[in-house]
Amino acid sequence: MKRLMSYLHILFLSSSLLVNAAFAGGGGISDSDGIMDFEIHYRYIPTQTQINSLKEQVRIAADLICDVTDGEIRFGEVKITGGAMSEAKGDIWLLPQSGRSGLSFYSDGSNLGRDGAHINLYSNNVTGRIIAHELVHHAFGIGDEYPEEPRCIGKNFKTDNNPADTSFQKDEMGNSSIMHNDNWTELSVDANHDLNRGQLPYYMCGRMIQDDDGNYNYKTTVDPNLVTGAFNNASFDTAKESSAVVTKFNVTDSLGSDHQVYAYVVKTGTHRWDVHFAMDDGESTGGTAGNYHGIGTATIELNDTADDDGRFALASVSPTDFEINMTDFANGADNLAVLIAFGDVGEVNGFHENPKICIEDGDGNCLSRWDPITERYELTQQTAMHQKSDWATLVANYPFVAAPTGTPEEAQPGNCRAELTFTERIIGSDQVILFIDRSGSMDAPVRENAEDTRLDFAKAAARAFIDLQAGMGVDVGLISFNETSELERPMELLDIADADPFKNKVDALTEGGYTGIGTALQSSLSEFQRAALIAEENGTEVRSRTAFLLSDGENNRGENPEIVADRLRDIGVQIFSIPVGAGADRELLNGLAVNSGGEVMDAPNGDELPPIYAELFARYRGESLTLSRQESFVEPFHNKDKIDVRTAFSAAPAGAAAALSSALTNQNSYVDTFEFLVEASGERLNIFLSGRNENMDTWKLIFKITSPSGTEYTSSDNSIISADKYYTIVRLPTPEPGIWRIDLASGNNLAQKSFVQAHVENFAPDLYVDALPRTLTNTSKTISISVETTYFTSLDSSVNYSGFVRRPDGSNVPLKFSIDINTGSVSAAFDQYAGRGIYQVFVSAKVDNKVKRLGGESIFDGPDIDLNDVVEFERTARTSFFVDINELPPCHNSDCDNDGIPNNVEGGDDVDTDGDGLPDYRDDDADGDDVPDAREGVKDTDNDGKPNYQDVDSDNDGILDGNDNTLDDPGVHSERLFIIAIIIAILLFLIVILLLCWFYLCKHKIAKKPCNGTAKLTVSE
């Protein structure tokens, strides 16, 4: 009975899970009904009281969003999550610190759905009004409408902030915009949008920044196309009128009193500017209060050649060490000589020119910003971004929305919470299932002339993931599949003691048969549900569910993968797909991943699989790599006249250092070197080395790792190494911060081809990369590649980014990242397509000691966070997108699908034996029989005129090759028929004997029942 009840419980649980709204991560707004789904992610473990309070504030935010859109957009499912696997999908990060909420965002509203793009919401300010205000940025792409003194190319000097001063509202028309005042409940329309604007162009602003050492750095961006002018210092008013830029900042004297200093920028010639500094005469000398008193002038020369962005960098400052001299203070304070820096020569990190920074009004005029009456920078962020009202922007980004004909309806719409639901996945178990394709096509060698197969490397990848994940508190299961699936290991906690038995199960996998991707996914449903039931019985929750799906073929048997993937998505399973080889159905595998909120990690050959799974381990922890996957090649050390590198690597450091140094300097083909930065507070450094030799029996790599302080670790240090035929993992706990170095050499007399990558286990720093759209069908459009770097919370836009896109033909196209000066978002546009296929995006971020945390919005109450508490670190991350067009990527090889059969033998674009859209010369399983072309070859076993690689029954035995273990025996068909005939004859003979026995028993009346099959009928009257 207990077993029956458990079974019924599973059925009930599965039905409840399947009717749940999709829990896949990433928000969105439905264009059919205006329902907005999004995710809130806790970066700490909250109490139930905090969760309940959050829900109540979300309900208030739901009313506000409904109100500001006049009921056209309403909250739907709000997912509240925790744990590493959900952080990239979080639209709102709830942080434990105190601070003011803020974000960088995209003007098209695409933050909602971009991995890594999020609102920073601090625990001291979780209010419905803040949530609603920030979601208008995040989901609608609408800018702020409040006064803009902090938004002049970053941060400008802020004038006295008198709460009673409402002059900036004097031209506003009542309740115009929630983005202007968080007590208001509407969005602006053209009639009441940003009516109070200033006089000077948008780009004319400067800022004085005081660094941690108290030094002053003046930064401004000016237009080189302005005409030269004369400076008039008769008064502060004439100085302002004759200047292009006016900046105010404070300097503190020896008595602790602040003195306001003015900086006036005047153009004096081509790429030449003067900066005049002044203060009030009444303060500086005790003279006449209100009079202009000059305290120094700097002459700025800029380069006469623009950089790639059209900017003119700093060339020189005169005097070189410029300082302003403040003497004879009226209050008796000591004289001051304040050094002012204008940036680095040759750089644009300080004073520079940029003609492109002007925001135009549509008629070729620069939009104004400064109002000399209120002395405020009053052009709003919304105007600078869109040059139109809030409602006009909302309609442009979401065309299904209809703007009000007049001013918005101020009354609260009804039923604003009707569709609002909460789904909680905050605390509980993290679950992952590894799916390994063991169909016959996995027997293909990873490259021409290679002895190891895709399945060999797939099993090595699974072993690597097990080695890295064991003991990390994650439930891990394994499903292998061909046309059928097998649960090789139930999804359960992977302890360290379980690693070897688990790897033994992986090693036992053998290839054969067809490919049933959908069937394999379907079989995981019951396993996820069983694990959920066990978690429920133990009083816990399931926090995250992930599928790592590896396949090299097309779904040619069983269930429809897309239908089954939708079922998995509905119970919150993210699919990370790993297509292998030339014949993998990348369109299908991309769709399965993208629709579930996962990602594609391409393995064109197969030997990339172990490092990919090591990277997946980092991703599963919510982290990115410190050193991205690098190719290494070292030759054997042949020259016996020089020191043997192997000796240098294995000997004691004291005796080998000089010899190894010489080898590294003079014999660089024998040693490969990689350096990478490890930040402070890292928990563990994982270095992953994997082989890609033609024969992995020959892979023997030796290494030496050197810490920043000179401590050395070698390949003989077994205490830190997990070794496998295909990979080596080096684990170093609490690594010291600084530059680490790894030197690689051959451990035998053979060349060594390897991959190298490194990962620091550290919760604080991370890098997120996304590409939209993730599937492109029109190559006239561009892909938007977004990046966001965090250190506990978001960092500002001064992070140094670099990256490239690897196209399907293997070529790399560098990326150029740019900063939106209005919103702080950083992105790159890509449009250099090279045919159909998966495009992989690789990005690196370097964070130095100048990078700050992202500040909060001044409209909100409360203290700002510590902007300076950021350590130096580097991270690399990747994403991908699929270009779905008919044109195939260029191929200049004689064997494009790497199956050992030349292109000219397989034919041109019109030869597609299995009709899968890939011509035979691009398809490593041309006939779709799940037997690799590399194994079938060009011979014609059954002499039917079709070579084996194009013949689904190459030996004509009636058994399709995918299920035939004797492909090369054309006589096996007749032999099997003969055996079947004998079996049938024996069965018939046995039946005849049984019948004879029965008749014999009947004839001699031995049978207990009548043999004629009749019964007597008695009728009574």
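A cavity here is a set of points on a 1 Å grid over the protein atoms alone, where a 1.4 Å probe fits but cannot get out. Grid points are joined across faces, edges and corners, and a volume is the space filled by probe spheres set on the points.

Before you click, note that this is a predicted model, in which local features need pLDDT of at least 70, side-chain atom pairs count only at pLDDT 80 or more, and totals for chains, interfaces and linings use all residues. Residues are numbered from 1 along each chain as its sequence is written, and side-chain values use heavy atoms, with hydrogens and water left out.

**Stop 1: the largest cavity**

Select Ala88, Asp115, Glu599, Arg619 and Tyr768. Of the 21 residues that line the largest cavity, these lie nearest its centre; a lining residue has an atom within 4 Å of a point. The volume is about 280 Å³. Now show strands E24 (573–579), E35 (765–772) and E44 (873–883), each of which supplies at least two lining residues. Strands are DSSP runs of E with at least two residues, helices are runs of H or I with at least four, and both are numbered from the N terminus. E35 has the largest share of this lining, four residues. Colour the lining by type: eight residues are nonpolar, five polar and eight charged. Ala, Val, Leu, Ile, Met, Phe, Trp, Tyr, Cys and Pro count as nonpolar, Asp, Glu, Lys and Arg as charged, and the others, Gly among them, as polar.

**Stop 2: the second largest cavity**

Go to Ser104, Val787, Glu788, Ser825 and Val826, which lie nearest the centre of the second largest cavity among its 21 lining residues. This cavity holds about 170 Å³ of space. Strand E37 (residues 783–791) gives the most to its lining, with four residues. Here the lining divides into nine nonpolar, eight polar and four charged residues.

**Stop 3: the nonpolar cores**

Select Phe548, Ile578 and Tyr613. They have the most contacts inside the largest nonpolar core, which has 67 residues. Such a core is a set of buried Ala, Val, Leu, Ile, Met, Phe, Trp, Tyr and Cys residues joined through side-chain atoms within 4.5 Å. Buried means under 20% relative accessible area, exposed over 50%, and partly exposed in between (1.4 Å probe, protein chains only). Helix H8 (residues 454–469) gives the most to this core, with ten residues. Apart from this core lies another, of 48 residues, among them Phe38, Ala61, Ile131 and Met385.

**Stop 4: the disulfides**

Look for two disulfides, each a pair of cysteine sulfur atoms within 2.5 Å. One joins Cys66 to Cys416, S to S 2.1 Å. Cys66 sits in helix H2 (residues 48–68), and Cys416 in the loop between helix H7 (390–397) and strand E19 (421–425), 350 residues apart. Cys66 is buried at 0% relative accessibility, and Cys416 is buried at 4%. Next, find Cys891 and Cys896, with sulfur atoms 2.0 Å apart. The torsion about their S-S bond is about -110°, so this disulfide is left-handed.

**Stop 5: Arg836**

Finish at Arg836, in the loop between strands E42 (826–830) and E43 (837–847). Is Arg836 buried or partly exposed? Arg836 is partly exposed, at 23% relative accessibility.

Definitions and conventions: 1 Å grid on protein atoms, 1.4 Å probe; cavity = no way out; pocket = protein on both sides within 12 Å on 5 of 7 lines; lining within 4 Å.
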